[in-house]
Amino acid sequence: MGAFADFFQHLDWDGLSWLLTQALAVLFCLTVHETCHGLAAFALGDPTAKRQHRLSLNPLRHLDPIGALMMLVAGFGWAKPVPVDMRYFKYPKSGMAVTALAGPVSNFLLAFLSLFLYHIFFAILVFSYAGNPFFFWMMDFFLVTGVLSISLGLFNLIPFPPLDGSKVLGAFLPDQAYYKLMRYERFGMLLLVAVLATDLLNQPLSTASTAVFEAFYQAAGIGFDLAAVFLG
């Protein structure tokens, strides 16, 4: 028992709490991303995701362990792709583009909402509940969610198969080039992982993520102003 007590006494609880916060934010960002893919496809007439129970906010239905780990380690990653059958779309290429774009757009909206809530909780701390640990944790969660959601959205806009950006780009390609691009999509993930291992994308993605975060953070500051009106 003494060994267990000594272990827990020296455990870095702050570090574990921070890791848990990041893990929850990763699951939240990935789940929203994939669910919105499925919802967009369903709205355009494709019931595939619904039939496979992917129109769900249950993160276990969307989790890709490697992609989630990349989100934790590198700040960008992926989830298990939602199945889409473009034969259900009236206009297949544009339908795929809209379905693909729904993921990154949902992440940008989630990021703004998270930062908006961050400012509201900050205002509550300032005006009412200074020192409340729960409010500090919620601020951390919303801030991390905002950062990771922006990174996920930008990463998936890269026009490289199988990322969402390749589907958006495909809408502007001739049919022959489009279907050739999609034919090699399954090999794209292996090449993408290799590219990520070289750190070639780290600097451009970091620069873009920082710029978008700063813009969103400033705009979402209206949350503090609105909360201050009621609490001040």
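**View 1. What lines the largest pocket, by residue class.** The lining here has 19 nonpolar, four polar and five charged residues. Ala, Val, Leu, Ile, Met, Phe, Trp, Tyr, Cys and Pro count as nonpolar, Asp, Glu, Lys and Arg as charged, and the others, Gly among them, as polar. Keep in mind that this is a predicted model: local features need pLDDT of at least 70, side-chain atom pairs count only at pLDDT 80 or more, and totals for chains, interfaces and linings use all residues. Residues are numbered from 1 along each chain as its sequence is written, and side-chain values use heavy atoms, with hydrogens and water left out.

View 2. The pocket holds about 620 Å³ of space, and 28 residues line it. Pro81, Val82, Pro162, Lys167 and Glu185 lie nearest its centre. On a 1 Å grid over the protein atoms alone, a pocket is an open set of points where a 1.4 Å probe fits, with protein on both sides within 12 Å along at least five of seven lines; lining residues have an atom within 4 Å of a point. Grid points are joined across faces, edges and corners, and the volume is the space filled by probe spheres set on the points. Helices H2 (13-43), H5 (92-127), H6 (133-156), H7 (164-170), H8 (175-183) and H9 (185-197) each give at least two residues to the lining. H2 has the largest share, with four residues. Helices are DSSP runs (H or I, at least four residues), and strands are too (E, at least two), numbered from the N terminus.

**View 3. Helix H6 from end to end.** How far apart are the end C-alpha atoms of H6? They are 34 Å apart, which agrees with the 34 Å that its 24 residues should span at 1.5 Å a residue. The expected span is 1.5 Å times one less than the number of residues. H6 is mostly covered, with 17 of its 24 residues buried. Buried means under 20% relative accessible area, exposed over 50%, and partly exposed in between (1.4 Å probe, protein chains only).

**View 4. Two backbone spots in loops.** The peptide bond from Pro161 to Pro162 is cis, with omega near 5 degrees. Pro162 sits in the loop between H6 and H7. Over at His53, phi is near 60 degrees, a positive value in a residue other than glycine. His53 belongs to the loop between helix H3 (48-51) and helix H4 (65-74), and it counts as exposed because its relative accessibility is 51%.

View 5. Ala171 is in the loop between H7 and H8 and is partly exposed, at 27% relative accessible area. Leaving aside neighbours within four places in sequence, Ala171 is in contact with Lys93 and Ala97; contact means heavy atoms within 4.5 Å. Ala171 and Met96 are 75 residues apart in sequence, yet 7.8 Å apart in space, C-alpha to C-alpha.

**View 6. Leu30 inside H2.** Is Leu30 buried or exposed? With 4% relative accessibility, Leu30 counts as buried. This residue of helix H2 touches Ala68, Met71, Trp78, Ala79 and Leu152, not counting residues up to four places away in sequence. The C-alpha atoms of Leu30 and Asp140 are separated by 18 Å, and the two are 110 residues apart along the chain.
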